[in-house]
Amino acid sequence: TNPGMEPEDWETGQVDQNGNSNPNQLEDNQARRMAYTTNAAVVPRNKFTTQLSGGVRTNRFVKGTNLSRPGDTIVATEFLNNWKALSVGDPGNFLVKSHRPINPFYHVGTGMNEYLAAENTPGFIYGLQEDQETYGVLPLNQVKNRANLIDYSSGLIQVNAIGRHHPGGDKIYGGVANYLYADTHAEPNTIVETMRKRQWGDRYYSLSGANEVLNYAIFPED
């Protein structure tokens, strides 16, 4: 978010948290370029109070023993090779949030903002409510140069910010990324396939309250 003093650590159109677009002394203790991200259901954001989360729910740390299927639960993967996808804000004033993990779920009551759902309200599902075929994953040509894929304000499922730059996959949705699982093995896959196999978890483990991930098929059609 705050690249610091070195010009080569900045991208054209990037601003820091104060709106500055030129190198300055405000610098995050972070790698200069982030290639990898984590699963927010397993590795939480620093939102451990309602004041920080802005909602009624908060984050908590997750133990390996909490996971029901560690061999099928993603811990980390690669970012999309489009740095603007990791930004929020207006075009030309890109505020990068590459330190954030990916929220892979959608709440049928509060959408992309996981912190707003009442503590006792279930409703996390894989993908968007209106798209249970591709789980809200956009075609590659719609994300290659798109900004703001990692914030709830986009209205898009955040897995769209995951990489697709390795051989495999298809021409429409792009290639594969490498995924690291909780049992420490790694394997390549497409985003849609990880969603179809429910590999982001059976619960939003790092979130307080009712955090079960439901099968959308149990909901009646409108």
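**Salt bridges in the predicted model**

Eight salt bridges are counted in this structure, which is a predicted model. Side chains of opposite charge can pair when their charged atoms come close.

One of the salt bridges joins the side chains of arginine 100 and aspartate 151, with an N to O distance of 2.7 Å. Distant parts of the chain are linked by this pair, whose members lie 51 residues apart. Arginine 100 sits in the loop between strand E5 (94–96) and strand E6 (105–107), while aspartate 151 belongs to the loop between strand E7 (124–126) and strand E8 (166–170). Both arginine 100 and aspartate 151 are buried.

Arginine 69 and aspartate 72 also meet through their side chains in a salt bridge, at 3.8 Å from N to O. Arginine 69 counts as partly exposed because its relative accessibility is 25%, and aspartate 72, with a relative accessible area of 36%, is partly exposed as well. The picture here extends to a further residue, as a network of salt bridges links Arg69, Asp72 and Asp202.

A salt bridge is likewise found between arginine 203 and glutamate 212, where the closest N and O atoms are 3.4 Å apart. Arginine 203 has 35% relative accessibility and so counts as partly exposed; glutamate 212, at a relative accessible area of 30%, is also partly exposed.

Methods: Residues are numbered from 1 along each chain as its sequence is written. This is a predicted model: local features need pLDDT of at least 70, side-chain atom pairs count only at pLDDT 80 or more; totals for chains, interfaces and linings use all residues. Side-chain values use heavy atoms; hydrogens and water are left out. A salt bridge is a side-chain nitrogen of Lys or Arg within 4 Å of a carboxyl oxygen of Asp or Glu. Buried means under 20% relative accessible area, exposed over 50%, partly exposed in between (1.4 Å probe, protein chains only). Helices (H or I, at least four residues) and strands (E, at least two) are DSSP runs, numbered from the N terminus.
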